[in-house]
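Biologist: Could we go through this model together? I would like to begin with what counts as a buried residue.
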Amino acid sequence: MKAKTADTDIDITEEFTPEQMKKLDEIINRSKDKPGSLIPILEESQMALGFLPMPILKIIAKGLKLPLSRVYGVVTFYSFFTMKPRGKYTLRVCLGTACYVRGGKAIYEKVKKELDIEEGDTTEDRLFTLETVRCVGACGLGPVIFVGDNVHGRLKPAKAKEVLSQYS
Amino acid sequence: MKVFRSHLLICGGTGCHASGSLKVKQALQGEIDKRGLSEEVRIVETGCNGFCALGPIMVVYPEGVIYVSIKPEDTPELVEEHLVKGRVLERLLYKEPATQEVIPQMHEIPFFALQDLRVLRNRGKIDPENIDEAIARDGYAGMAKALAEMTPEQIIKEVLDSGLRGRGGAGFPTGLKWRFCATASGDVKYVLCNADEGDPGAFMDRSVLEADPHAVLEGMVIAAKAIGTKQGYIYCRAEYPLAIHRLTVAINQAKEYGLLGKDILGSGLDFDLEIYQGAGAFVCGEETALMTSIEGKRGMPRPRPPFPAISGLWGKPSVLNNVETFANIGQIILKGASWYNSIGTERSKGTKVFALTGDVNNVGLVEVPMGTTLGQIVFDIGGGIPKGKKFKAAQLGGPSGGCIPVEHLNTPIDFERVVELGAIMGSGGMIVMNEDKCAVDMARFFMDFVQDESCGKCTPCREGTKRMLEILTNITQGKGKEGDIELLEEMAGIIKDASLCGLGQTAPNPVLSTIRYFRHEYEEHIRYHKCRAGVCSSLFKSPCQNVCPVGMDIPAYIALVRAERFEDAYKVMLKTNPFPSVCGRVCNHKCQAKCRRDNLDESLAIKFLKRFITDSAPRPKQAMSPVTRKEKIAVIGAGPAGLTAARDLALRGYKVTIFEELSQPGGMLRWAIPAYRLPRNILADEIRDNIEALGVEIKCNTSVGRDIGFDQLSKDFDYAFLSPGSQKSQPIGVEGENLKGVFGGVEFLRDFNKDEEIWLDGRKTLGSKVAVIGGGNSAIDAARVALRLGADVTILYRRERKDMPAAEEEIIAAEEEGIKIEYLVAPLKIEGKDGRVIGISCQRMKLGDFDRSGRKIPVVIEGSEFTLSVDAVIAAIGQVSDMSFVPKESGVSVSKRSTFDLAEGAKSQTTNPKFFTGGDALTGPDTVIGAIAAGHQAARDMDNYIRKVNGEPAYEEPEEEKIDVPFIIDEETVETPQAKMPELHPYERKGNFREVEVGFLREVAIREACRCLRCDAEID
Amino acid sequence: MAKLTIADLKKIKEKVQSETALREGGQRAKVTVHMGTCGIAAGARAVMDSLMNEIAEAGVSDVMVTTSGCAGMCSKEPMVTVELIGQEPIIYGTMDANKMRQVFKRHVQLGEVQTMFAMARG
């Protein structure tokens, strides 16, 4: 598993609205006494906040009365969680076998070149975050990329730019 | 009750959503409202229908007509035609890829017709978000029976008797698992459903959850009663939002109906279910890791024992089954164990769902009885491999599994057989790979996957997979070393033995399995830096050049066409191929099959461009090559192999003499390939300018064995290259073969080419009706020549058209000219009268199992005999070499197949070190370009050997004229089809031997050259 | 929603089965309403509505309703073809809602060809 570096410089009062912080409290309080609730709480928190920087992890750890190391350990274990800010759209290139054999890698290279970022990074304008995924089960349409919840299937490298330009 | 006259069941699985089914649904609804049909026609969104490749898909009932690849803009016409006018809209129907036959009814499409739906019985039939529709199709009926009429022990016994084994991969008997858990002590127990489907290429569980979530809930309630639990969890990947949504809807509806919760159906059973979303860790598909994850920790596996049935979630006894397993339970209870186990193999009962993906026509979800053969799944249901490519292997079980190669297509797929072949059933991902996939690269891909997903707990898995990945990556980059394969095998053994969980224990499987079946590909990568599939791009410049047997620099000469420097282009070709004009006409152009442009629109017309160059460029003058070596070399046979070897040897300073039995050089090019494909002067000019001009002497009408003895040859020459070719037709082996009017294919062609005038003026004749037996290029050549001689010609071939070895364009040309081809027909007897042929008796064949080449073996249909009355029969079913000129005592050994044997480890040297060989006489009938490659190989080997014997330093290639190849590519690639070759109209071809293909015009050729993507370019 | 008993489960099954039966095949009769431009202009829509109502009222699930284009005899529109499985199709002409009701009740349900409206066989 790839370790994700914590962005400790982040100022949560600047990054998140008071409403978001209130939502976080609610999420923690709703199920803090339930056994095994850490992962669902993290999932919901990330939905609400977009990402989970270290200060947020501290709040969650405190709320659940868990050591920070445990929360950090879980966040870094599962690829679903991110401690870095995310773009408006998550651009996920499927590199599952079916897409891979149908040219997913060429699409991935093309997208990296177009956005000038590496996997896991976010473009400067915070529009796209680039990820690769393992098989999203849309194998019949390979190669596919997801932009947010939209799927673009049967893609060709030459068409990648056209797809990206649909988003702003 | 609301009745509709028509139901439109539109697929709303993830696959069809992705291809736009929601937009189609909206457009359809709008159109139906607009036309006032909303009270008559109902639209239902179903779960995955399984035919994902052609989505969005819609089935219209009551007719059961299936429409595929529907776009929103199709809906007005669709509604107008089908729902208003009651006519089927043909252009949106399914077309069988092999036959182009249009099939309107869903149940008649082979993809659906050959499946046996149990788990997927509701797919595409119900609205998964409407519990009533599930109930209407026996949903919860099994549960009702279990709750009302059965004891836990009876339930377990029924499941045990059914023979159901876990569908998640390992195949552990489900009933046994339940019994262990039921008898474990403890008040609190759990039933868990594993929906963390993570294998790449596997999507059966997602499909079941999306199409029929209630079947899973039903199975879990039954399990709850069997083991005695009140709480269950479904652990589902967060990557499956639609599945989670449908499950949530299903659970809520079931709770409302009291089918979940307290006192279910008044039986006193309480059972609650929760969905738990996985957070993206492949290892959590492993049972103990999954439980650790539900507990809110890093999802790492724990050692077993204790097994989860004794101590699972929160340390309590737990049953974990996969989605597909649970989806089987309701029906087993409802219809009984004996119904369930009536299909399947001895130890694997029921059906299995496979996610069929990769290089196969019908990508989708397939449910078949256990024991269905791999070939039936890939070819009969899957529709075979797109674009007529060859099947290489199927990867089963994802990154934990292995591949099953072409020679095992007849294997019945069940848990045991699959393991014997080195794969695993896994959850049912079946990825089909064609000849363009590299075994080493696939192994590297899967190793990269598991390396990334290893949780890191066990060192051998964490570090070992990393090391294995490094070695594999090195091999694919040409940095492999001798011993790497053995090292991989050793490390694989250690990782398997020393890892806690399934992920590590199975991680090396793809490597071991590819080594088992494709060891030669590993060796080629390591020793020769060759990737035959054309995948490992560090090892070659362009895929076309990589696949060419002589490695022609295709991108270079195409770039020179674009630059209009045709003479330079010819020079580039001549570096590797002394017969560009010949190959521009008759090469089997494997290069085009590998052309990357084919992924975009169509491959380049490489062969035609080659011909264009030879048509347009003056042939560069070749100077006499000075004889600087004392060794004299004889070449036997002036075919392409012999001529090429002679040229290369002359260039290296040897005096070469070619002995040719017939009156003119060229071998098969002159004596078998008809002039309408390869005009005589084209061949003669190239032999004169590219071979004889160098000083090579060709002695025609000189047969070794008849005119000059083998012994004499050994005395007169120091070394010899034996390339007699294979010029004898194989006998058909039926009665009547010796009748007058029966010809061998090559014998007929040779005789025609020798006595062309006599045949043309009618002194020799075939008669008016001719049957040609065979499906190769010789058969087509013989048939087209016979047609030109005025005969009515029928080709009889024992297999299907797609199995014909002849070039596709030749078959098409034959058909255009009016030659009939009868497929699946084999000769039984040639009928004669007064010693002359009067007819041929045949029988029809049907297709049986697969042979080792991946083609189906034809089997006789008894009682299907019929007789054609014909005046001549030409048997072109294969050729062998005539080796009678090689005396036993020569020390040159000849095999039983009548081909030369090679010295140990040699590529061209025979068992007598003074004799080398190549071409058809070594390999059996092969292509022109194969023979040219063999000529190069032999010349290199002979020269190296001679120099070694003499103690001389190795040959150094002289400095070549440097030809600068321009690099110009288009900024944007616009889809354009391949340029068509202009041809004589079929009526212009009758009765003459004019060249059929006319050749490209200059502007067409240049435009075609501009389509080249220049894969050879290294862009930094 | 009250909690179900096993008997309720069966009731739901039977009810919904009849609604979705046309996905299962096994129809006993096929009624084709000709809905070309001429047919619709002559009132085929009302005939269709009437037919659908009859089917719903009778609660039958084995009658397949389809449409087709103009049958070529525009003067006799609206036209309806009734085909009982295993019998010759009967074409009815100049139909209206009431005639449709009669044809459904007597021909489709009871098998009596309504010769007064019938135009032709086949």
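Modeller: A residue is buried if 20 or more other C-beta atoms lie within 10 Å of its own. Please keep in mind that this is a predicted model.

Biologist: With that in mind, how many residues of α28(B) are buried?

Modeller: Eleven of the twelve residues of α28(B) are buried, and the helix is mostly covered. Among the buried residues are Arg647(B) and Asp648(B), as well as Leu643(B) and Leu649(B).

Biologist: What covers the buried residues of α28(B)?

Modeller: The cover includes the strands β16 (632-636), β17 (655-659) and β19 (719-722) of chain B, together with the helices α29 (668-671), α30 (680-690) and α37 (928-950) of chain B.

Biologist: And which residue takes a positive phi just after α28(B)?

Modeller: That is Gly653(B), with a phi of about 100°.

Biologist: Changing topic, at what angle do α9 and α11 of chain B pack?

Modeller: Helix α9 (residues 204-211) and helix α11 (residues 241-256) of chain B pack at about 35°, and their axes are 8 Å apart. Their crossing is left-handed.

Biologist: Which residues make that contact?

Modeller: Arg206(B), Leu209(B) and Glu210(B) come from α9(B), while α11(B) supplies Leu242(B), Ala243(B), Arg246(B) and Leu247(B). Four of the contact residues are nonpolar, three are charged and none is polar.

Biologist: Finally, how many residues of chain B are in contact with chain A?

Modeller: There are 40 in chain B, in contact with 33 residues of chain A. On the chain B side, α1 (14-18), α12 (287-294), β11 (351-358), β15 (429-434) and α17 (439-453) each supply at least two residues. That side divides into 16 nonpolar, 17 polar and seven charged residues.

Key. Residues numbered from 1 in each chain as written. Chains lettered and ligands numbered in written order. Predicted model: local features only at pLDDT ≥ 70, side-chain atom pairs only at ≥ 80, totals over all residues. Contact = placed C-beta atoms within 7 Å. Helix = DSSP H or I, 4+ residues; strand = E, 2+ residues; numbered from the N terminus. Nonpolar A, V, L, I, M, F, W, Y, C, P; charged D, E, K, R; others polar. Axes fitted to C-alpha atoms, helices over the stretch in contact; angles between N-to-C directions. Left-handed = near helix turned anticlockwise from the far one by under 90°.
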